[in-house]
Amino acid sequence: MSLKSVLAKPFAKRVYKSVLKWANSPIETQDKVFQALISDAAGTAFGRDHDFVSINNHADFVKRVPIRDYEALKSYVERVVAGEEDVLWKGKPLYFAKTSGTTSGAKYIPITKQSMPYHVEAARNAILLYIQETGNSKFVDGKMIFLQGSPILKEQNGIQLGRLSGIVAHYVPKYLQKNRLPSWETNCIEDWETKVDAIVEETLPENMTVISGIPSWVQMYFEKLQQKTGKKVGDVFKNFNLFIFGGVNYEPYRAKFENLIGRKVDSIELYPASEGFFAYQDRQNEKGMLLLLNSGIFYEFIKADEFFNENPKRITIKDVEIGVNYVMIISTNAGLWGYNIGDTVQFTSTKPYRVIVSGRIKHFISAFGEHVIGKEVEQAMQEAISETNIRVSEFTVAPQINPDEGLPYHEWFIEFENEPDDLADLAKRIDASLQKQNVYYFDLIEGKVLRPLVIRKVKKDGFKNYMKSIGKLGGQNKLPRLSNDRSIVEGFPHVD
């Protein structure tokens with residue numbers, strides 16, 4: 001055992017104690033964050049426009065600062081992009097994380113001198129809390145890889161511009177630099193498939209102990225490793241025992257991953273976004289991720305089924321309930337105010353506050369009033385294939401409103417690694433789980449408004465080719481799990 005792995009344990013213990021301190025005083029912690037944000041931004045253009053000097057509490061904030069998405073905040077962001085200072089936050093941002101929007105085209109999310117350290121600290125602390133809990137620190141001696149976007153940044157009016165994962169690549173601690181893969185040159189390759197091929201070549205001879213990234217793209221890396229060697233990933237990398245992921249629910253991928261790896265490995269779930277690092281898994285055997293209440297982010301929540309009302313009620317963490325689907329609203333030290341990031345979450349615990357990501361407020365199916373969400377379709381799939389040898393590579397769901405005959409239905413487009421013997425039985429089990437979870441869907445099936453779901457088998461690499469066709473292969477890009485129209489699946493390559 002190296003000195004590095006020995007020293008990691010007392011460091012992990014110290015960080016664990018500091019996390020406990022704020023996690024055990026959640027209301028007070030969030031109040032301090034709120035007051036600091038309002039005070040620090042009172043002199044900005046946004047602060048003056050919204051009378052921050054008169055805001056003393058959350059009720060005042062709600063009166064003065066409406067909920068906004070990127071489109072509604074865009075006029076302020078454009079001033080920052082043009083080089084103006086003190087607009088949303090004091091001074092200028094260090095970076096813009098460039099993301100792809102749906103209606104806005106490219107989105108420029110500011111990252112400031114005050115917000116950047118929290119992105120780095122959260123990723124580090126997630127690993128340290130794992131060490132504190134398990135006592136396992138040997139992996140720090142091996143090689144680690146994070147499948148990410150290019151670290152090449154452009155400059156615009158004195159502000160660096162790039163993908164979040166590329167920006168974060170500039171902040172790998174010095175003590176991990178020798179452990180880190182891929183090389184800078186490989187990381188800068190723009191074409192995703194070429195990049196993954198290069199990563200395979202670089203990592204094959206190494207002692208890989210930690211692998212991280214969005215599951216769908218790590219899956220591609222694992223498949224290429226297997227094709228190259230003819231071996232399970234766990235046999236190629238005998239000391240690989242920790243998978244770190246974020247961006248999507250891992251459960252639909254778990255069976256496929258364990259098959260590719262050849263054994264179970266520990267995992268840590270993260271909840272990062274360009275807008276902030278919101279949560280990470282702090283316990284191996286607890287459901288949900290610890291909501292980061294001391295990271296320059298003030299959280300509000302709106303019940304998802306009330307979100308589109310004219311004046312939905314905005315609450316803080318002290319009033320949330322376990323199991324309720326909320327839209328998460330953030331105000332941050334990067335200058336986002338009453339900002340709707342588009343995610344829905346559910347609390348699994350309030351002592352401490354832990355969340356799961358349940359979906360996207362715009363990603364649901366309610367073509368018939370059922371309001372089925374991402375968490376429900378993922379759980380239905382997971383329950384249906386558990387205790388079977390069925391492995392699913394990817395799937396998405398869309399409504400079929402105008403079938404050629406019969407009642408309308410939900411259409412599940414699924415790419416299987418190994419095809420089930422009885423597709424009708426699988427469809428029946430998925431549908432039963434969905435009916436059990438969602439009473440509205442149950443009523444529509446019972447009332448003969450909908451017929452049970454239909455599965456379409458997608459050709460091998462169908463989803464990968466789709467993402468490639470729209471320029472979103474790799475990096476932080478994720479396929480929506482479901483949608484309220486057929487824009488994704490129209491003309492999708494499938495086998496009836």
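**Entry 1: salt bridges**

I started at E201, which is partly exposed, with a relative accessible area of 44%. For accessibility I call a residue buried under 20% relative accessible area, exposed over 50% and partly exposed in between, using a 1.4 Å probe and protein chains only. I am working on a predicted model, where local features need pLDDT of at least 70, side-chain atom pairs count only at pLDDT 80 or more, and totals for chains, interfaces and linings use all residues. Residues are numbered from 1 along each chain as its sequence is written, and side-chain values use heavy atoms, with hydrogens and water left out.

Next I asked what E201 pairs with. K228 forms a salt bridge with E201, with the closest N and O atoms 2.9 Å apart. K228 sits in helix α11 and E201 in helix α10 (residues 192–203), so this pair ties together parts that are 27 residues apart in sequence. My salt bridge criterion is a side-chain nitrogen of Lys or Arg within 4 Å of a carboxyl oxygen of Asp or Glu. Helices (H or I, at least four residues) and strands (E, at least two) are DSSP runs, numbered from the N terminus.

I then looked up R354. Its salt bridge partner is D282, and the closest N and O atoms are 2.8 Å apart. R354 lies in strand β15 (residues 353–360), while D282 is in the loop between β10 (276–280) and β11 (289–291), so the pair ties together parts 72 residues apart in sequence. Both R354 and D282 are buried.

Searching the whole structure, I got 24 salt bridges. I also noted a network of salt bridges that links E223, K256, R391 and E417.

**Entry 2: R481**

I checked R481 for partners. E378 forms a salt bridge with R481, at 3.3 Å between the closest N and O atoms. The pair links distant parts of the chain, with E378 in helix α14 (residues 374–385) and R481 in the loop between α17 and β21 (494–495), 103 residues apart. E378 is buried at 9% relative accessible area. R481 is buried too, at 8%.

R481 also lies over the face of F395, 4.2 Å from the ring centre. For this I need NZ of Lys or CZ of Arg within 6 Å of the ring centre and within 35 degrees of the ring normal.

**Entry 3: helix α17**

Which residues of α17 are buried? In this helix (residues 462–469) I found G462, F463, Y466 and M467 buried. Seen down the axis of α17, the buried residues fall within an arc of 130°, so they line one face of the helix. The arc is taken from the directions from the helix axis to the C-beta atoms.

I looked for what covers them. The cover includes α11 (215–229), β18 (391–400), β19 (409–418) and β20 (454–458). Contact here means heavy atoms within 4.5 Å. G471 follows α17, and its phi is positive, near 75°.

**Entry 4: aromatic rings**

I counted 25 aromatic pairs in the structure. In one of them, Y271 and F278 have ring centres 5.2 Å apart and planes at 70°, so the pair is edge-to-face. Y299 and F301 have ring centres 6.4 Å apart and planes at 10°, so that pair is stacked. Rings of Phe, Tyr and Trp (its six-membered ring) pair if their centres lie within 6.5 Å; planes under 30 degrees apart are stacked, over 60 edge-to-face and the rest tilted.

F278 is buried at 0%. Y299 and F301 are both buried.

Last, I noted that Y271, F278, Y299, F301, Y326, F347 and Y353 form one aromatic cluster.
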